[in-house]
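Student: Could you take a close look at the pocket and the space around it, and then at the aromatic rings?

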Amino acid sequence: MTTIKVHGSPLSTATMRVTATLYEKQIEFEFVDINLRNGDHKKEPFISLNPFGQVPAFEDGDLKLFESRAITQYIDHEYGDKGTKLTISDSKKKAIMGLWSEVESHHFDQVATKLVWELGFKPLFEIPLDTKIVEENEAKLDSILNVYEKRLSESKYLGGESFTLVDLHHLPCLHYLMKSQIKKLFESRPYVSAWVADITARPAWSKVIAMIPI
């Protein structure tokens with residue numbers, strides 16, 4: 001009997017990180033769809049699972065978690081013998097992976113989520129685009145990807161020579177950005193472009209995409 005529940009939205013980048021990890025680990029789970037349009041994430045029963053009212057929330061038996069990156073770390077450690085190994089044990093290599101994890105959350109994601117909102121979700125909700133925000137963050141992403149290009153010229157993946165949570169955490173934003181004008185920033189850099197093609201072609205990721213209703 002499945003003990004794992006993911007409460008979230010298939011459209012949510014944070015939710016997608018969690019489901020991608022579960023699919024990589026080949027773990028069965030129950031998906032509880034939270035209707036964001038109706039504001040179900042801001043009221044009970046969801047708010048008891050995540051007091052900040054943001055998807056996703058996660059349950060594994062009596063364990064309740066929120067914050068997607070904390071959840072993905074737990075899944076890989078708790079179910080280390082299943083599916084793809086998404087973290088690194090060697091202390092020095094683990095430190096490098098940790099460094100690039102920080103880059104993803106503090107540099108890439110800060111910029112990418114703004115662009116995803118403007119170019120991915122605003123058209124969906126028929127909200128006017130803020131071109132200034134797009135221009136500012138496109139320029140920031142351009143600089144960040146220069147750093148990525150150098151790193152990926154030296155290492156197959158950001159965290160090392162194997163696919164890890166560092167790469168996986170990029171996938172949701174990449175999904176939306178590669179459908180927008182921003183894709184040129186990725187495609188113009190050969191190492192970044194090859195990395196994007198590699199990680200977006202993973203079978204586990206195709207299962208996450210299949211969950212999206214639109």
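Tutor: Helices α1, α3 (68–78) and α4 (91–121) each supply at least two residues of the lining of the largest pocket, where helices are DSSP runs of H or I with at least four residues, numbered from the N terminus. The largest share of that lining, five residues, comes from α4. This is a predicted model, in which local features need pLDDT of at least 70 and side-chain atom pairs count only at pLDDT 80 or more, while totals for chains, interfaces and linings use all residues. Residues are numbered from 1 along each chain as its sequence is written, and side-chain values use heavy atoms, with hydrogens and water left out.

The largest pocket has a volume of about 910 Å³, and of the 29 residues that line it, S12, T13, A14, L36 and V55 are the closest to its centre. A pocket here is an open set of points on a 1 Å grid over the protein atoms alone, with protein on both sides within 12 Å along at least five of seven lines, and a lining residue has an atom within 4 Å of a point; the volume is the space filled by probe spheres set on the points, which are joined across faces, edges and corners. By class, the lining of the largest pocket has 13 nonpolar, 10 polar and six charged residues, with Ala, Val, Leu, Ile, Met, Phe, Trp, Tyr, Cys and Pro counted as nonpolar, Asp, Glu, Lys and Arg as charged, and the others, Gly among them, as polar.

Helix α1 (residues 13–24) also gives the largest share of the lining of the largest cavity, three residues, a cavity being a set of points where a 1.4 Å probe fits but cannot get out. About 30 Å³ of space lies in this cavity, and its lining consists of S9, P10, T15, M16, T19, F31, V208 and M211, of which five are nonpolar, three polar and none charged.

As for the rings, the count comes to 11 aromatic pairs, rings of Phe, Tyr and Trp (its six-membered ring) being paired if their centres lie within 6.5 Å, and called stacked under 30 degrees between planes, edge-to-face over 60 and tilted for the rest. Y23 and F29 form an edge-to-face pair, 5.3 Å centre to centre with 65° between the planes. Y23 counts as partly exposed because its relative accessibility is 22%, whereas F29, at 16%, is buried; buried means under 20% relative accessible area, exposed over 50% and partly exposed in between, with a 1.4 Å probe and protein chains only. W100, F108, Y148 and W195 form one aromatic cluster.
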